[in-house]
Amino acid sequence: MLLAPCFFLFFAVWNVPKSDETSVHNITVLANVNWTDTGLDVSEGQEIYFKALGEISLQKGNPMAHCGPDGYDLKSVQQPLLDRNIGALIGKVSELISVTVDKETGEEIRNEIFKYFFVGSENKVSMPMSGRLLLGINENIVGDNDGEYSVMVSIEGIKSR
Ligand SMILES: [Ca+2]
């Protein structure tokens with residue numbers, strides 16, 4: 001007779017979100033992709049810790065164009081964050097508003113609100129808005145790049161106040 005309520009209680013406790021738990025995710029950010037979707041949704045003000053390793057080439061075949069997650073000591077106009085090193089690891093939080101299809105080219109046009117932020121080799125960042133977290137390279141011309149960064153993303157649980 002008592003078995004069923006006990007099971008129910010166990011199940012209910014099991015399903016309580018563990019709010020103070022830290023979740024760690026390892027993301028591979030390819031240098032020749034504009035943005036890598038981490039699959040993680042974040043909230044504005046949420047503190048996220050990033051640690052990145054690896055080396056990329058900003059121009060395949062150019063032995064001078066190598067850099068790590070802090071980037072190459074150079075700034076250009078061809079990069080999302082103009083005041084940071086080219087090639088540095090950066091982040092973007094994006095909220096997709098709508099997807100429309102260009103009638104002539106059939107190309108998907110994503111209408112999104114987004115904010116960029118700097119990551120580098122190690123950083124703790126307060127999320128600038130709520131949305132999907134993406135990671136990328138601080139460079140616009142990524143098609144000629146090579147290599148990848150390995151990024152550890154550590155999200156602290158939101159503690160109730
Ligand atoms: Ca490049």
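**Close-ups of a predicted model**

**View 1. Ile90 meets Gly136 across a pair of strands.** Gly136 in E8 is the bridge partner of Ile90. What you're looking at is a predicted model, where local features need pLDDT of at least 70, side-chain atom pairs count only at pLDDT 80 or more, and totals for chains, interfaces and linings use all residues. Residue numbers start from 1 along each chain, following the sequence as written. The letters work like this: helices (H or I, at least four residues) and strands (E, at least two) are DSSP runs, numbered from the N terminus. Strands E5 and E8 run antiparallel and are joined by 6 bridges; two strands count as paired if DSSP finds at least two bridges between them.

**View 2. Zoom out to the whole protein.** You can pick out 1 helix and 9 strands here. Start at the N terminus and the elements go α-β-β-β-β-β-β-β-β-β. How much of the protein counts as buried? Of its 161 residues, 22% do. Buried means 20 or more other C-beta atoms lie within 10 Å of the residue's own, exposed means 12 or fewer, and partly exposed is in between, with C-beta atoms placed from the backbone. Now take the contacts with a separation of 6 or more: 72% of them are between residues 24 or more positions apart. Being in contact means that the C-beta atoms of two residues, placed from the backbone, lie within 7 Å.

**View 3. Four strands line up as an open sheet.** The order of these 4 strands is E2-E8-E5-E6, and their pairing is antiparallel.

View 4. Look at Trp35 and you'll find it opposite Gly136 in E8. E2 and E8 are joined by 6 bridges and run antiparallel. E8 is largely enclosed by the rest of the structure, because 6 of its 7 residues are buried.

**View 5. E5 and E6 make a hairpin.** There are 6 residues between the two strands, and Gly106 in the turn has a positive phi of about 75°. Follow Lys92 across and you reach Tyr116 in E6.

**View 6. Leu89 and Val151 in the largest nonpolar core.** This core has 23 residues, and these two touch the most other members. A nonpolar core, by the way, is a set of buried Ala, Val, Leu, Ile, Met, Phe, Trp, Tyr and Cys residues joined through C-beta atoms within 7 Å. At least two residues of this core come from each of strands E1 (23–30), E3 (47–57), E5 (89–101), E8 (131–137) and E9 (146–155). Ignoring neighbours within four places in sequence, the contacts of Leu89 include Val29, Ala52, Leu135, Tyr149 and Val151.

**View 7. Cys67 in strand E4.** This strand covers residues 66–67. Is Cys67 buried or exposed? Cys67 is buried, as 24 other C-beta atoms lie within 10 Å. Beyond four places in sequence, Cys67 is in contact with Glu55, Ile56, Leu58, Tyr72 and Gly87. Ile86 is 19 residues away from Cys67 in sequence, and their C-alpha atoms are 9.0 Å apart.

**View 8. Phe117 in strand E6.** You'll find Phe117 within this strand, and it counts as partly exposed because it has 19 C-beta neighbours inside 10 Å. Not counting residues up to four places away, Phe117 touches Ile90, Gly91, Val125 and Pro128. Phe117 and Leu81 are 36 residues apart along the chain, with 7.8 Å between their C-alpha atoms.

**View 9. Met129 in a loop.** That loop runs between strand E7 (122–126) and E8. Met129 is partly exposed, with 15 other C-beta atoms within 10 Å. Leaving out residues up to four places away in sequence, Met129 touches Glu44, Val93 and Lys115.
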